[in-house]
Amino acid sequence: MTRLPSGGLVDRSVTLSFRFDGHALQGHPGDTLASALLACGVRVVGRSVELGRPRGVFSAGAEEPNALVRVGADPMVAATTVELRDGLEAWSLRGKGRVDLDAADDRRCDKGYLHCDVLVVGGGPAGLAAALAAGLTGARVILVDDQPRLGGDLLNSRVRLDGARGLDWAALVAARLATLPEVRVMTRTTAIGYHDHNYLVAVERRPGGERLWHFRARGVVLATGAHERSLAFPGNDRPGVMLASAARAYANRYGVRPGRRAVVFACADSGYEAARDLAAAGVEVAEIVDPRAPGGEVVTGTTADAGGLLDGVRIGSRRVEADLLAVAGGWNPAVHLFSQSQGTLRFDEGLQTFVPDVSAQAERSAGACRGLYGTAEAIEDGFAAGAQAAEQAGFGPVHLPRVPDGDERALRAPAALWMTGPGATQAGGGEPVRAEPVGTEPGLSEPAFVDLHRDVTVADLARATGAGMRSPEHVKRYTTAGTGADQGKTSGAVVTGVMSALLGVGPGQVGGTTYRPPYTPVSFATLAGRDRGPLSDPVRTTALHASHLARGAVFEDVGQWKRPWYFPRDGEGLNEAVRRECHAARTGVAAMDASTLGKIDIRGGDAGGFLDRIYTNLYSTLPVGACRYGVMCGADGMVFDDGTTSRLGDDHYLMTTTTGNAAAVLDWLEEWHQTEWPALDVSFTSVTDHWATVAVVGPRAREVLSVIAPDAAGLAFMRHTAAEVLGVEGRVFRISFSGELAYEVNVPSWYGRSLWEAVLGLGAVPYGTETMHVLRAEKGFAIVGQETDGTVTPQDLGLSWLVSKRKPDYMGRRSHARPDTSRDGRKRLVGLLADDPAEQVEEGAQLVAGPGDRVMLGHVTSGYTSAALGRTFGLAMVRDVTTGDRLTAVSGQAAVPVTVVEPVFYDPENTRRDGDPSVARRGGDASPSPAGPSAEACRAESPAAGFAERFAAAGDDRVRVREAPFIPMWEVRGADPGTGLRLGPAWWLVTGEPEGRPGWVDVSAQRTVLELDGPGALDVLITGCPVDLHPSVFTAPVQTLLGQAPVILEPTASGYRVYVRASFTAYLAEWLLDAIAGNLVILG
Amino acid sequence: MLLIDCPHCGPRDENEFRYGGQAGIAYPERPAELTDDEWAGYVFRRDNPKGWFHERWFHAHGCRVWLTVERHTVTHEIRKPR
Ligand SMILES: [Zn+2]
């Protein structure tokens, strides 16, 4: 054991048991894994990645290149950054970790979003001073530091300020910061990235799992300190070779004697400080080697015992027995974040290092990270930086506290020394420092390492420069120097220095490599946070979803929606189920959940004219009460979306879009209205989530309608009506996507599940998207995104009849006259029949003229088996073919002979759209008898009803969540209604008014309202909401994102109201429950 | 993650917005009178400067207003959107 009997910041009254490579060991609170290993006499902590050389602890911080270990499920972490805890299990590595997919990982990682006036990175003397100076002005200040306690290098040193311990000053400042309500101090939090517009990302290590913090700061003070560096000499990697500052930290902070007999290589004055502190800790300091002294010597190599542990240090021709070599090679300001912020660096000849030069953002470095290494001067610089940052944010000035008096001597310049030993040359091609030859003892042939983690040596660099490389970026990629887990924190300066020596130019001319985030390694679990498993992407569900689940539906993902793919019965597979569902739709009655189709309410005196410009066909001429199918194109003339648009009133239309394109189409309409035709009187409101839609399909569909909406049962094809649907005000459209008699029945989504159950109760067979696809393909209806891919015009799809010749212009018209779109020989939609009626052509298969032919004429877009046709069939986009041509569909090893046919396979004369013609001729169907089947009136069900119990169970006195159901809501455009939430220019959401006014769009069922109350509600919201929720800023409702869901967030007297789209309700409810549970774990 | 100061909503993260490409490209008044090359210029060809660039951003998850933003394509500095 090498633990000192007293001293340091570890709590010897508490013992923590841990295991390293299976051995039971002990340490104390305040230890890192590295300090505990050293205290237990563990000198070899791993093997190097390429050469397998034994390696020991080299540093005391995030820059560690050697002591990389596996801890639990974390495959590779630096032991110097792992806080010791009871029960910790760690294993040594050979330079490289491996993910153990079976390792238990019960961490709950999440994210957090905070905004501030001044963000201070680093809690050492400069950072503490900056935070205090800024905090005293009343500015919102965040101070982050990666250590468990504040103080920075004061934790490691014995420096005295105003005659007292340096840490006492840090404690005074910390206590003062704690009294400032707008100052937030976050320890165990490592800033890892500095991005555009003062956006910084940090990882907070918490016992239950990391939190990834996202900060937006008006000003940033970087007080990230400096890393000591080593230099290249033979055998500089032996266990026992350590940075002088690390040796000092183990002695002073952790109460560990890092060796018995030490040589100190003092290229910089920090070596003397280390020597003094090591002596005080009972280490025998055999020699201080200072190349700057008159006649100064250098360390030229090391010797090792049979186990590879350091047992001697070569100084010229002498060998000095030692088990610790403390190397003080000089300091490198930790400019990583500064450089990430796009600030530029310059080489300081006096300091022999790169320092910040010109800032690129509202940022200022303070203290050691800009080369001010003295404690008092760092504090003075920190005060100035904090006050300046606050002032630029509009705070202050205030009277600054006094800078304490330090006991440090002024530092002398470090030696400009990067490599020693046989053949070493010096930077800038100066006089080489040469070792006297000392015979053939082992050690002379030892490699001199520049990158300990990657096992890169001076010889490797010499090979690179010898091959003509001049840039460190090239050398990095050639030698791998700087690509290890420490990302070159200990090696970068040495590589530059050695290269400058090899090339005979100054280090400033050589330069360094680009600093990239993250500053320290981050696990994927941390980056994912809560966005994993079921929450990895929002799942949108319809009001009918619980019914689908209960019926055993198999789902498919369409965008973010879960749609029933098919409804298997009695162990059916896809094919059997689809055959049965198709049969029901063609011969009886079937029903599908069509709620996911996008629905856009369009109003205004120019609505018809606007639609004429957007669609290829005419809508201004559409009679009120009628529906019309349309295609819209981009300016490039390619099909963008399709759907049916109905005229509800003179100035009122309802557009439907494809499921996947609903948001894109609404954006598209907004874009053209706002940016090109703002004078047109038209407005758009999404009502997708407000309405639940049930498609009732089949020759017996009218029987179902006559029960659920008798007033609409007699609707003509492509007509619609407002109608009472099982006691609820709904809308019925006579639209068919199958060729059969069909209705789309809409009710507010609260009633959707009840309507669905009633329709199925009347005998309709539920069907999913696969059956829908087969039915539409049998009719030759193209699907946007399946038959089209952004290169297909309406004419290519055979829809020329939909493209108006009368209109002067429509979106895409000019492009339809371009040579490429109007030429012959474009791919067109055709039907395909395989020779073998049982063989299905594969979607995506390439079509060629014959077996072995390599000219691709087109590709298969749809391939199905049809119950109605009793065989397989397909659709394809092919060029230069006519009906009857023979082709081969090639996919993988399969080559299927096919014949080109017309793309309409079923009922080409459209005889079935009003019902089965044979039944109609017999005078059947139609009106039901009064004694026929009946259904109960629709019941309302709120989207979060299923969460009520879990909401109640999750709450406590800190935070409560509940649904506020069935609130009438209206979206209002144009003039200010004088009430409601303002969502944008001329856009309001009015809530709670039972009656709408003319022009108000009923969106009562479009959004679900969740109320989050209690003192902990803000802590829950900041884990997913990127806007500034500080009570002084967040005073009015905002539209933004929470988790990954779009929401309206409204501050209330007791907390918050979250308005979320009905289809996102389940996602957001699960997200909130996870957030509440996660916060409880953390606060635990 | 850029910070775009929406004139209607205040400063918001870039991921609330949709990018809309170069600003100031007006839909031609009489497309039918344009040559194929002129029309292709409208549909396909855009500037790609190194430096200040007028571009459109749509505040999709906020006020749903199209904005014109001046952004420096090297430094990502943004001037007051409108
Ligand atoms: Zn906005």
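Author: Take chain A to begin with. Among its contacts with a separation of 6 or more, 66% join residues 24 or more positions apart. This is a predicted model. Chain A holds 25 helices and 57 strands. Its C-alpha trace spans about 115 × 75 × 55 Å along the principal axes. There are 1084 residues in chain A, and 59% of them are buried. The chain exposes about 41500 Å², with carbon and sulfur atoms supplying 51%. Its side chains include 106 positive and 128 negative ones. The centres of those two sets lie 2 Å apart.

Start with helix α14, residues 574-587, which contains A:E581. Buried means under 20% relative accessible area. A:E581 has 0% relative accessibility, so it counts as buried. What does A:E581 touch, leaving out residues up to four places away in sequence? Its partners are A:Y566, A:F567, A:A590, A:P766, A:Y767, A:G768 and A:T771. A:R216 is elsewhere: it sits 365 residues from A:E581 along the chain, and their C-alpha atoms are 54 Å apart.

Next comes helix α18 of chain A, residues 752-761. Seven of its ten residues are buried, so the rest of the structure largely encloses the helix. Those buried residues are A:G752, A:S754, A:L755, A:W756, A:A758, A:V759 and A:L760. In an α-helix, residues three or four places apart point the same way, because each turn takes 3.6 residues. After α18(A) comes A:G763, with a positive phi near 105 degrees.

Now a contrast. A:G533 belongs to the loop between α12 (524-528) and α13 (545-550) of chain A. Exposed means over 50% relative accessible area. A:G533 has 54%, so it is exposed. From A:G533 to A:R628 is 95 residues in sequence and 42 Å in space, C-alpha to C-alpha.

Chain B has one helix and six strands. Their order from the N terminus is β-β-β-α-β-β-β. The C-alpha trace spans about 40 × 30 × 20 Å along its principal axes. Of its 82 residues, 48% are buried. Residues 24 or more positions apart make 49% of the chain B contacts with a separation of 6 or more. The accessible surface comes to about 4400 Å², and 48% of that belongs to carbon and sulfur atoms. Chain B carries 12 positive and 13 negative side chains, with the two centres 4 Å apart.

Here is the close look: the zinc site. Which residues coordinate the zinc ion? They are B:C6, B:C9 and B:C63, each through SG, and B:H59 through ND1. The distances run from 2.0 to 2.4 Å. The angles among the four donor atoms are 105 to 118 degrees, and the site is tetrahedral. The ideal tetrahedral angle is 109.5 degrees. Along the sequence, the donors are spaced C-x2-C-x49-H-x3-C. One pair links distant parts of the chain: B:C6 and B:C63, 57 residues apart. B:C6 is in strand β1 (residues 3-6) of chain B. B:C63 is in the loop between β4 (52-58) and β5 (66-72) of that chain. Both B:C6 and B:C63 are buried.

Definitions and conventions
Residues numbered from 1 in each chain as written. Chains lettered and ligands numbered in written order. Predicted model: local features only at pLDDT ≥ 70, side-chain atom pairs only at ≥ 80, totals over all residues. Heavy atoms only, no water. Helix = DSSP H or I, 4+ residues; strand = E, 2+ residues; numbered from the N terminus. Buried < 20%, exposed > 50% of the residue type's maximum accessible area, 1.4 Å probe, protein only. Contact = heavy atoms within 4.5 Å. Areas by Shrake-Rupley, 256 points an atom, 1.4 Å probe, with all protein chains shown as cover. Lys, Arg positive; Asp, Glu negative; His and termini not counted. Charge placed at Lys NZ, Arg CZ, Asp CG, Glu CD. Donors = N, O, S within 2.8 Å, 3.2 Å for Na, K, Ca; no water. Tetrahedral: all angles 85-135°; square planar, octahedral: opposite > 155°, others 65-115°.
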